[in-house]
Amino acid sequence: MILRQVSVFYRFLFLVMLSLGLMIVDHRSDLLRPIRSVASVVTLPFHSLNQLPGKIATAIRSYYPDDSLFRELEDLRAKQLKLESHLQRYDALVAENSRLSKLLSAARRSDDQVILANIVNAGLDPFSHRIIINRGAEAGVFVGQPVIAPNGVLGQVSEVNLRQSIVTLVTDRSHGIPVQVQRNGLRTIVQGTGHSDRVGVPYLPRLADIRKGDVLVSSGMGGRFPAGYKVAEVDEIITDANEAFLSINATTTARIDFVKQVLLVWDSERLAVE
Amino acid sequence: MSRRHNQQRRTWVIPASIAIAMLLSVVSYPDWMRYAVPHWVSLVIFYWCIAAPDRMNVGSAWIAGLILDLLLHTLFGVHAITAALVAIAAVTSHQRLRMYHIWQQCLVVFVIACIEVTFVGWIFYLTNDAALRLVYWQAALTTALLWPVVYTTLRIVRQRSGISRIR
């Protein structure tokens, strides 16, 4: 009995070592990426079962003799989603125009290309803010691609598999996005806090011109997110005379709880450059 | 459940129950349950390691954990280590654990789940800059509270499928 327990313990020790090795390899290199990508074909059905209740509801509805209305509704919903996402930018454009109307004589950019994706899983683990969407390398998704919801930036693609991708949300602690205050164009960075719907603005000096209720839109700096999409709204500004920077709390405009479909964006400016 | 029923043993229920546990851990939970999602896979591994340590051991638990890593898109090996930990805790003292009252077992599950949360959280803290907050340990509490449910369900499953308890 004791001998058996000892051997179990050694086996455990060996597996722990193996796991630690795997974790280091997985974290430091891309060697295990192909395994993940292939395995996603197997894991996708697991995640798709998530959508089963919704699918059953759709199936029941389609039993009704005239389902053209439902289909029309679906189409209109998809269309509205796209239009709303475009509309977000117009507020920013109007504000920008009023500031720089003279300088903006150059032709404005055309609209960005987008595709729709469904959220397959919205809560992978409690420690990070990541979601799975049902578009992957097959649809041309790439790592770092901006993902937006009808009312604002949701996050960016952090891992691409064949038919699904992982999106890191702006609320994740490891996520930062360059923004500017819509009212006056003040540039800064919005950082995730790890709390849902909450983000922070950590790098603004005490005398910065920012107020409660200010809307922060993506600034396009860094070239990852196209400019003009809403990111967050300032809730609270705490001034501490001992601190060099303001402590600002903001709420994301895109609320992950209420989002079912998202848009993957191809920045038209970057496409034009390439 | 004696040797006479050997032919009727349906051992596939063990991997099947683990697959169901995996399904339960990847379904989307509402946002208020975000930090309270129980460790389904660990509970099922814990049960089978106590009830049938000849069928479920450290190695198979490790593989189950590795599959969970794939499903949850965490680093390879994170959940594998915790699954192996659950297995070795259960296998090495399965005879003692069987003698425990169900609430004492809950306490053991709670302690193990706490270690799991701490380890996974720590790995996320190192690799993903996650904050360590007290709410994360809610999951340990819900896992412990669900143990009686999982225990009674799986006991019925085990008896129906003719898998005998091994000394």
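I started with H2(B), which has twelve residues and reaches 17 Å from its first C-alpha to its last, close to the 16 Å expected at 1.5 Å a residue. The model I am reading is predicted.

Next I looked up burial in H2(B). Twelve of its twelve residues are buried, so H2(B) is largely enclosed by the rest of the structure. I noted the names along the helix: Trp40(B), Val41(B), Ser42(B), Leu43(B), Val44(B), Ile45(B), Phe46(B), Tyr47(B), Trp48(B), Cys49(B), Ile50(B) and Ala51(B).

What do the buried residues of H2(B) pack against? I found helix H1 (13-26), helix H3 (58-72), H4, H5, H6 and H7, each of chain B.

I then moved to H6(B). This helix has 27 residues, and I read a reach of 37 Å from its first C-alpha to its last, close to the 39 Å expected at 1.5 Å a residue.

For H6(B) I listed the buried residues as Gln105(B), Val109(B), Ile112(B), Ala113(B), Glu116(B), Val117(B), Val120(B), Gly121(B), Ile123(B), Phe124(B) and Asn128(B). Their cover includes helix H2 (40-51), helix H4 (78-92), helix H5 (94-99) and H7 of chain B.

I checked what follows the helix as well. Just after H6(B), Asp129(B) takes a positive phi of about 60°.

How do H6(B) and H7(B) pack? Helix H6 (residues 102-128) and helix H7 (residues 138-161), both of chain B, pack at an angle of about 140°, with their axes 8 Å apart. Because of that angle, H6(B) is oblique to H7(B). I recorded the crossing of H6(B) past H7(B) as right-handed.

I wrote down the residues that make this contact. From H6(B) they are Ile102(B), Gln105(B), Cys106(B), Val109(B), Phe110(B), Ala113(B), Cys114(B) and Val117(B). From H7(B) they are Ala139(B), Ala140(B), Thr143(B), Ala144(B), Trp147(B), Pro148(B) and Tyr151(B). Sorted by kind, the residues of the contact of H6(B) with H7(B) divide into 13 nonpolar, two polar and no charged. Going back to the burial list, I see that Gln105(B), Val109(B), Ala113(B) and Val117(B) of the contact are also among the buried residues of H6(B).

Last, I looked at chain A. I counted five helices and twelve strands there. Of the 274 residues in chain A, 35% are buried. Among contacts in chain A with a separation of 6 or more, residues 24 or more positions apart account for 59%.

How values were computed. Residues numbered from 1 in each chain as written. Chains lettered and ligands numbered in written order. Predicted model: local features only at pLDDT ≥ 70, side-chain atom pairs only at ≥ 80, totals over all residues. Helix = DSSP H or I, 4+ residues; strand = E, 2+ residues; numbered from the N terminus. Buried ≥ 20, exposed ≤ 12 C-beta atoms within 10 Å, placed from the backbone. Contact = placed C-beta atoms within 7 Å. Axes fitted to C-alpha atoms, helices over the stretch in contact; angles between N-to-C directions. Parallel < 35°, antiparallel > 145°, perpendicular 65-115°, else oblique. Left-handed = near helix turned anticlockwise from the far one by under 90°. Nonpolar A, V, L, I, M, F, W, Y, C, P; charged D, E, K, R; others polar. Expected span 1.5 Å × (residues − 1).
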